[in-house]
Amino acid sequence: MSPMTPARLTGTPGRTRVLIVGGGITGLAAAHRLRERLGPDAEIIVAEQSPRLGGKIHTVDFAGRPVETGAESLLAARPEAIDLARKVGLGDALVYPSAAKPGLSLGGELVDFPAGHMMGIPGDPADVTAVANAKERPDNGLPILEPGADMSVGELVRSRLGEEVLDRLVAPMLGGVYAGDVDRLSVRAVMPQLASALERHVRLTDAVAEVKRPAEGPRKPVFATVDGGLSRLVTATSACARAEIRLGMTVRELRQTPYGWEIIAGPVPDPIKLTADAVILAVPASPAAQLLRAVEPQAAAALSAVAYASVALASFAFDRLDLPERSGFLTPASEGKTVKAATFASNKWPHLGRRRQIVRVSMGRLGEEALLQHDDAALAKTALRELGEHLGRRLPEPVEQRVDRWGGALPQYTPGHGARVAAAREALAEHPGIAIAGAAVDGVGIAACIASGRHAADLIAAQLTPDSR
Ligand SMILES: Cc1cc2nc3c(=O)[nH]c(=O)nc-3n(C[C@H](O)[C@H](O)[C@H](O)COP(=O)(O)OP(=O)(O)OC[C@H]3O[C@@H](n4cnc5c(N)ncnc54)[C@H](O)[C@@H]3O)c2cc1C
């Protein structure tokens, strides 16, 4: 390493400085919350290694429309994402999907995806018999999960409702969110409400029915997005946080000192040394583990255990294409296709308009990383051919197309993930002034990431301003 460049970020004596590593939605939500908690004088720095903020949120102009290359919707059934959007001035820009529902592509036919399920698990086997042979296995009279215990989604569904429900309904649903292997995904991490219901019920369908029981009052939409694209949420959150944004700054090392934290960042031949009172790590598991190795090996080991799946998205714009009145479709891996799902974005999101049909095709399940080695033209060709097969006709030439790759983008929470993260946090509690947050630890969805970033900010703010607790 070359001699260290003197600190370029010199703090003002007496001002609290927090460094947030990672400029995805988690890091920005943390910055926003820290500003609320620490007030206008605190120095909040966001170090982001890439040339843009947002991480897996990235809106681009595509065929004259703002189209998402990564995440496309916010879960509105929980409050955090909608609350943040309103707080940063985007309340009026929130838009909701149409009533169109996704289909299921089975044997070359698009059929209705049954209603009344939770992530594909039915609350009543009769609801899904049109597409899967579902019969609840006899129970043993004991609750399915002991308190705090965990199992894989695959084991849970296969043993209670059989292979077809798992293959045709649950795996495609979870594949859309995690691109994962159902036999390696933790029930407690991916369906925490169901896991607690399983501690009370002896039948899986009863637990699902309890979790799915409709809330009192008017029905609220489950999903939302931002008119103009989710990148607006990124920009508005960053602006409201009034943080110092350092793009192109990779954080490489962390050291705890008697006064706080010493951070090495920037290019290897010309590193920058910073100091901060506290650090929030809002990066994927592998960089978080690497940064924690010298600080707290136990926490680093827990993070290293999180594997990631990769996905590729091909987007097409068509001038004239009669799409079925659906929001898209999912297809089981057993259908033997590369395409695992498609979103008919212009059907799903009325704000995009119907002048052109925009279709996003998703490819890649855990273990299919080789797929991402294909060049853009080959991936787009496969996506288009298979889209035609799923729709049962040859498609016209798209007027525009693009391919986006998300290598190692979706964390896979294996059984015991929650307990490992809790142990990591307990070990980190020995080191005041550091917190971990984001999709690597607390949930893949944007709403979960926002909650996680805000929680980390609250923890750090409480440590920095103990009187405010
Ligand atoms: C294709 C796709 C579709 C999705 N669709 C949805 C959806 O519709 N709805 C939904 O709710 N969720 C969706 N998700 C999931 C969701 O987008 C992500 O889980 C979430 O945005 C992750 O946010 P994050 O801030 O925790 O991490 P990231 O977005 O990964 O941000 C972490 C940031 O840290 C930076 N970084 C890494 N290492 C360093 C370092 N050493 N120094 C400095 N910076 C560093 C990275 O460059 C990155 O910008 C989707 C994800 C993908 C990939």
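**Ground rules.** I number residues from 1 along each chain as its sequence is written, and I leave hydrogens and water out, with side-chain values using heavy atoms. Since the model is predicted, local features need pLDDT of at least 70 and side-chain atom pairs count only at pLDDT 80 or more, while totals for chains, interfaces and linings use all residues.

**Ligand shell.** I looked up who surrounds the ligand and found 34 residues, taking a residue as near if one of its heavy atoms lies within 4 Å. Thr-26, Glu-48, Lys-56, Ser-73 and Val-444 are the closest. By class I noted 19 nonpolar, twelve polar and three charged residues; Ala, Val, Leu, Ile, Met, Phe, Trp, Tyr, Cys and Pro count as nonpolar, Asp, Glu, Lys and Arg as charged, and the others, Gly among them, as polar. Strand 21 gives the largest share, three residues (strands are DSSP runs of E, at least two residues, numbered from the N terminus).

**Polar contacts.** Here I checked pairs of N or O atoms within 3.5 Å. An oxygen atom of the ligand sits 2.5 Å from a polar backbone atom of Val-444, and a polar side-chain atom of Lys-56 is 2.6 Å from a ligand oxygen atom. The protein buries 89% of the 1,000 Å² that the ligand exposes when taken alone (Shrake-Rupley method, 1.4 Å probe).

**Phe-223.** I placed this residue in strand 11, residues 223-226. Phe-223 counts as partly exposed because its relative accessibility is 36%, between the limits of under 20% for buried and over 50% for exposed (1.4 Å probe, protein chains only).

Conventions
Helix = DSSP H or I, 4+ residues; strand = E, 2+ residues; numbered from the N terminus. Polar contact = N/O pair within 3.5 Å; in protein donor to acceptor, adjacent residues only side chain to side chain.
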